[in-house]
Amino acid sequence: QVQLVESGGGLVQPGGSLRLSCAPSGSITSINDMGDMGWYRQAPGKQRDLVATITKGGNTNYADSVKGRFTISRDNAKNTVYLQMNSLKPEDTAVYYCKANILVGWYWRDYWGQGTQVTVSS
């Protein structure tokens with residue numbers, strides 16, 4: 001089975017930086033293609049919101065709240081998506097989830113990671 005695994009979360013002071021990574025694990029030899037990928041976040045008591053997306057070809061979109069501070073990128077050779085987070089603010093505190101559309105065997109489907117906690121606090 002294919003699983004998405006996030007890494008890179010943690011505690012950082014306001015104004016600091018973190019880089020999140022997300023890559024599949026498990027039966028990765030069964031992956032035939034990777035489509036759109038993205039990052040979402042969810043704060044306690046809030047809905048899960050889109051942070052940034054990136055297409056297979058590298059086209060990106062960002063939520064207004066992070067534009068200019070966050071950068072999404074991908075390494076197709078490694079099937080990995082990254083989120084570089086700069087100038088972090090307390091309101092960025094949330095669990096960050098990776099999402100990827102993956103062709104596994106015969107089927108395209110969306111996969112979600114378990115999430116990684118990002119806490120921005122002084």
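## Strand S8 and its partners

Leu20 stands opposite Leu83 in S8. Strand S3 (residues 18-26) and S8 run antiparallel and are joined by 5 bridges; strands here are DSSP runs of E with at least two residues, numbered from the N terminus. This is a predicted model, in which local features need pLDDT of at least 70 and side-chain atom pairs count only at pLDDT 80 or more, while totals for chains, interfaces and linings use all residues. Residues are numbered from 1 along each chain as its sequence is written, and side-chain values use heavy atoms, with hydrogens and water left out.

S8 is also joined to S7, by 6 bridges, and these two strands run antiparallel. Leu83 in S8 is the bridge partner of Ile72, and Met85 in S8 is the bridge partner of Phe70. The hairpin of S7 and S8 has 4 residues between the strands, and Asn79 takes a positive phi near 55° there. Of the 6 residues of S8, 5 are buried, which leaves the strand mostly covered; buried means under 20% relative accessible area, exposed over 50%, and partly exposed in between, with a 1.4 Å probe and protein chains only.

## The open sheet

An open sheet is formed by 4 strands in the order S1-S3-S8-S7, with antiparallel pairing; two strands pair if DSSP finds at least two bridges between them. Strand S1 (2-7) and strand S7 (70-75) stand at the edges with a single partner strand each, so one side of each has no neighbour in the sheet. From one strand to the next, the twist averages 20°, where axes are lines fitted to C-alpha atoms and angles run from 0 to 180 degrees between N-to-C directions.

## The loop at Ser87

Ser87 is found in the loop between strand S8 (80-85) and strand S9 (94-104). Ser87 counts as partly exposed because its relative accessibility is 39%. Leaving aside neighbours within four places in sequence, Ser87 is in contact (heavy atoms within 4.5 Å) with Gly15, Gly16, Ser17, Arg69 and Asp92. The C-alpha atoms of Ser87 and Thr116 are separated by 19 Å, and these residues are 29 apart along the chain.

## Arg48 and two rings

Arg48 lies over the face of Tyr97, at 3.6 Å from the ring centre. Arg48 also lies over the face of Trp112, at 4.9 Å from the ring centre. A charge sits over a ring if NZ of Lys or CZ of Arg is within 6 Å of the ring centre and within 35 degrees of the ring normal.
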